[in-house]
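Work through these exercises with the sequence and the 3D view side by side. Try each task before reading its solution.

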Amino acid sequence: MTDNLRRDFSVLLSLTGKEDVFDVLDELGVLPAEHLSGVQRLPGNRYDVTFKTADIRRRFWPIFNSAKKLTASWYAGSTSLVTVLHVPLELDDNIVKFVLGRYGQVVSSRLLCYEKFPCVSNGIRQYKVNLKKDIPSSLFLGGRQCLVRYYGQPRTCLKCGLDGHEAKTCDNRRCFKCFNLGHTSKDCKATVVCTTCNKEGHNFRECTVSFANKARLSSEWTEGGAALRPTREDPEGQDANVAEEKGEVSAGMSVDLSEEKVATCESQLEL
Ligand SMILES: [Zn+2]
Ligand SMILES: [Zn+2]
Ligand SMILES: [Zn+2]
């Protein structure tokens with residue numbers, strides 16, 4: 001079924017001029033032998049450009065997106081399995097879904113448990129997300145810095161949130177109150193920014209975002225994203241319940257963080 005075909009490695013390019021596609025790619029820094037596994041011509045001066053890995057595609061995406069000689073789109077509908085670690089167990093799962101919702105559409109969620117003690121959770125939460133943009137390697141949830149992992153994720157520095165280096169070599173200071181660079185929260189004069197709704201003036205504990213129901217934490221996949229409580233401006237509430245599940249993900253209790261795949265993918269990459 002075409003619905004289940006993953007197109008994580010490909011982008012669709014529409015060229016605006018008559019230039020050769022490889023000349024255009026060359027100008028954007030794409031090295032065919034190094035980065036590409038295919039360039040397929042389609043009707044209407046369009047091309048399917050398939051990269052060797054999803055990670056390479058992600059790295060080139062911002063460049064393609066701002067290029068003048070083409071319009072790029074990527075294939076939607078490929079669901080990523082997003083693993084979130086270290087979220088306080090008491091935190092309503094709606095909040096995690098709501099925050100993840102900034103990066104794509106959350107399709108379903110589950111909470112992992114110990115194999116030995118199936119009713120005891122290890123706190124690892126997983127979400128199927130139709131990503132629209134990349135999620136940073138860490139997010140603040142429930143007052144704690146939580147790690148976010150998915151296959152093909154570009155790793156960002158856990159200290160400052162920028163990409164291209166790791167926390168152990170990072171000299172940047174990131175304020176965890178206003179989330180700006182250059183000072184720490186001790187020296188911060190700015191107003192606080194809420195890690196749940198992203199608005200200024202209150203912290204996550206005082207956040208007024210409220211949800212239609214408390215999200216049930218279950219080791220089974222539970223359909224749906226965070227449904228906001230209806231407000232006067234939005235009487236129907238946010239339609240966040242969605243889409244049939246796509247792709248087969250084992251519902252077993254073993255944890256597949258896809259760490260290995262990501263590591264292999266990144267170590268092969270010399271961009
Ligand atoms: Zn850094
Ligand atoms: Zn600050
Ligand atoms: Zn808030």
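**Exercise 1. A pair of strands**

In which sense do strand β2 (residues 36–42) and strand β3 (residues 46–51) pair, and over how many bridges?

Solution. 
- Step 1. Strands β2 and β3 pair in the antiparallel sense, over six bridges.
- Step 2. Pick out one position. R41 stands opposite Y47 in β3.
- Step 3. Look at the link. β2 and β3 form a hairpin, with three residues between them. In the turn, G44 has a positive phi of about 80°.

**Exercise 2. The chain as a whole**

State what kind of model this is, then describe the chain and its confidence.

Solution. 
- Step 1. The model is predicted.
- Step 2. Count the elements. The secondary structure comes to five helices and 10 strands.
- Step 3. Check burial. Of the chain's 271 residues, 41% count as buried.
- Step 4. Check contact range. Among contacts between residues at least 6 apart in sequence, 58% join residues at least 24 apart.
- Step 5. Check confidence. The average pLDDT is 80, and 82% of the residues score at least 70. Over residues 234–271, the pLDDT is below 50. This stretch still has 71 contacts in the model beyond near neighbours in sequence.
- Step 6. Draw the lesson. Where pLDDT is low, the predicted coordinates should not be read in detail.

**Exercise 3. The six-strand sheet**

What is the order of the strands in the open sheet of six strands?

Solution. 
- Step 1. The order is β8-β9-β5-β7-β6-β10, with antiparallel pairing.
- Step 2. Find the edges. These are β8 and β10, and each pairs on one side only.
- Step 3. Take strand β5 (residues 80–85). On one side, β5 pairs with strand β7 (residues 121–131) over five antiparallel bridges. β5 also pairs with strand β9 (residues 144–149), antiparallel over three bridges.
- Step 4. Follow T83. T83 stands opposite Q126 in β7. In β9, its bridge partner is R149.
- Step 5. Check how covered β5 is. Five of its six residues are buried.
- Step 6. Move to β6. Eight bridges join β6 to β7, and the two run antiparallel. C113 stands opposite S121 in β7.

**Exercise 4. A covered helix**

How many of the eight residues of helix α4 (residues 93–100) are buried?

Solution. 
- Step 1. Seven of the eight are buried, leaving α4 mostly covered.
- Step 2. Name them. They are D93, N94, I95, V96, K97, V99 and L100.
- Step 3. Find the cover. It includes β5, β6 (104–113), β7 and β8 (138–141).
- Step 4. Look at the start of α4. There a side-chain oxygen of D92 reaches to within 2.9 Å of the backbone nitrogen of N94.

**Exercise 5. A buried arginine**

Is R57 buried or exposed?

Solution. 
- Step 1. Locate the residue. R57 lies in helix α3 (residues 54–65).
- Step 2. Apply the cut-off. Buried means under 20% relative accessible area. R57 has 2%, so R57 is buried.
- Step 3. List the neighbours. Leaving out residues up to four places away in sequence, R57 touches R7, D8, F9, S10, V11, F51, W74 and Y75.
- Step 4. The side chain of R57 reaches the backbone oxygen of S10 at 3.3 Å.

How values were computed
Residues are numbered from 1 along each chain as its sequence is written. Chains are lettered from A and ligands numbered from 1 in the order in which they are written. Side-chain values use heavy atoms; hydrogens and water are left out. Helices (H or I, at least four residues) and strands (E, at least two) are DSSP runs, numbered from the N terminus. Buried means under 20% relative accessible area, exposed over 50%, partly exposed in between (1.4 Å probe, protein chains only). A polar contact is a pair of N or O atoms within 3.5 Å; within protein, one must be able to donate a hydrogen and the other to accept it, and residues adjacent in sequence count only if both atoms are side-chain atoms. Contact means heavy atoms within 4.5 Å. pLDDT is the predictor's confidence in each residue, from 0 to 100. Two strands pair if DSSP finds at least two bridges between them.
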